[in-house]
Amino acid sequence: MAKRAIGIVAALLVAASGFAATRGSKSISYPSGTETVTGYLALPDGAGKKPAIVVIQEWWGLNDFIRGKSDEFARKGYVALAVDLYRGKVATDPDTAHQLMRGLPEDRAMRDLKAAFAYLRSRDDVDATRIGSVGWCMGGGYSLALALAEPKLAGSVIYYGRLVTDDQKINGLLVPLLGNFGGQDKGIPSASVREFETKAKAAGKSVDFKIYPDAGHGFASSKDPSVFRAADAKDADARTDAFFEKTLKKK
């Protein structure tokens, strides 16, 4: 009875946190330059080498949403590593999130992301040729940045993340991209999304961007019911799943 009660309490705590952890989810440490940083690792069931995904936080930090997404990917057969770019800090209000984002050194963030990629490549349960990245909001921009910096990445997904405009950077892209954007996003206008996609395709790059006309920034991840759009989020997530199936699972 005591063990059963403990199990029930644990289940209730997981439910209250907003995500259901996979059996193999845990906090891990890995080297990033001269530092040791942490991340949230979610492992799929089964033996053998698996495809993997670097999961990149929004401006809120490594919160329940990002851990939950990592667990979802693990249940779909991926080794998922969510990188803690804020070194343990998590925001619950926009002002704090803004301060944390502005205080994040971009070079350190990129070092941490590339180190996460290297860590996944070093694992015995990961196929080093089938590692992708995905990010939302701030993390979407970093997902693109990682794709530009790491040509061995197998595929990258951007949810309403900052795009680059430099032709040289776009021409140097070697990684397939999928992007989900909101047509009402004031920070990332539809015109800039179309411009990037047009330039990339003209340069022979593999880019598939979709703009959801009535959606704003954060439509697939926001807890705000006035921002979250269930149908658009479901479609965007289905596109992401299909993209990773193609780029990471199929050889």
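Mentor: Contact here means heavy atoms within 4.5 Å. The structure above is a predicted model.

Trainee: Which residues does Glu197 touch, not counting residues up to four places away in sequence?

Mentor: Glu197 lies in helix 7, residues 190-202. With a relative accessible area of 14%, Glu197 falls under the 20% limit and is therefore buried. Leaving aside residues up to four places away in sequence, the residues that Glu197 touches are Val207, Asp208 and Phe209.

Trainee: What is the order of the strands in the open sheet?

Mentor: The open sheet has eight strands, and their pairing is mixed. Strand 1 (26-32) and strand 8 stand at the edges with a single partner strand each, so one side of each has no neighbour in the sheet. On average, neighbouring strands are turned by 20 degrees against each other, direction ignored. The order of the strands is 1-2-4-3-5-6-7-8.

Trainee: Which strands does helix 4 touch where it packs on the sheet?

Mentor: Strand 3 (residues 50-56) and strand 4 (residues 79-83) pair in the parallel sense over five bridges, and the bridge partner of Ile56 in strand 4 is Val83. Helix 4 (residues 106-122) packs on the sheet, its direction making about 110 degrees with that of strand 1. The strands that helix 4 touches are strand 1, strand 2, strand 3, strand 4 and strand 5.

Trainee: What angle does the direction of helix 7 make with that of strand 8?

Mentor: Helix 7 also packs on the sheet. There, helix 7 touches strand 7 and strand 8. The angle between the directions of helix 7 and strand 8 is about 160 degrees.

Trainee: Is strand 6 largely enclosed or largely open?

Mentor: In a regular strand, side chains alternate between the two faces of the sheet. In strand 6, Gly155, Val157 and Tyr159 point one way, while Ser156 and Ile158 point the other way, and all are buried. Because five of the five residues of strand 6 (residues 155-159) are buried, the rest of the structure leaves this strand largely enclosed.

Trainee: Why is the ring pair of Tyr160 and Phe219 edge-to-face?

Mentor: The model has a count of 13 aromatic pairs. In the pair of Tyr160 and Phe219, the ring centres are 5.3 Å apart. Planes over 60 degrees apart count as edge-to-face, so this pair is edge-to-face because its planes lie at 65 degrees.

Trainee: Which residues form one aromatic cluster with Phe219?

Mentor: Phe219 is buried at 0% relative accessibility, and Tyr212 is buried with a relative accessible area of 3%. The rings of Tyr212 and Phe219 have centres 5.2 Å apart and planes at 50 degrees, so this pair is tilted. The residues that form one aromatic cluster with Phe219 are Phe65, Trp136, Tyr159, Tyr160 and Tyr212.

Trainee: Which residues does Gly218 touch, not counting residues up to four places away in sequence?

Mentor: Gly218 is found in the loop between strand 8 (207-212) and helix 8 (230-249). Gly218 has a relative accessible area of 7% and is buried. Beyond residues up to four places away in sequence, Gly218 touches Tyr160 and Val227.

Conventions: Residues are numbered from 1 along each chain as its sequence is written. This is a predicted model: local features need pLDDT of at least 70, side-chain atom pairs count only at pLDDT 80 or more; totals for chains, interfaces and linings use all residues. Side-chain values use heavy atoms; hydrogens and water are left out. Buried means under 20% relative accessible area, exposed over 50%, partly exposed in between (1.4 Å probe, protein chains only). Helices (H or I, at least four residues) and strands (E, at least two) are DSSP runs, numbered from the N terminus. Rings of Phe, Tyr and Trp (its six-membered ring) pair if their centres lie within 6.5 Å; planes under 30 degrees apart count as stacked, over 60 as edge-to-face and the rest as tilted. Two strands pair if DSSP finds at least two bridges between them. Axes are lines fitted to C-alpha atoms, for helices over the stretch in contact, and angles run from 0 to 180 degrees between N-to-C directions.
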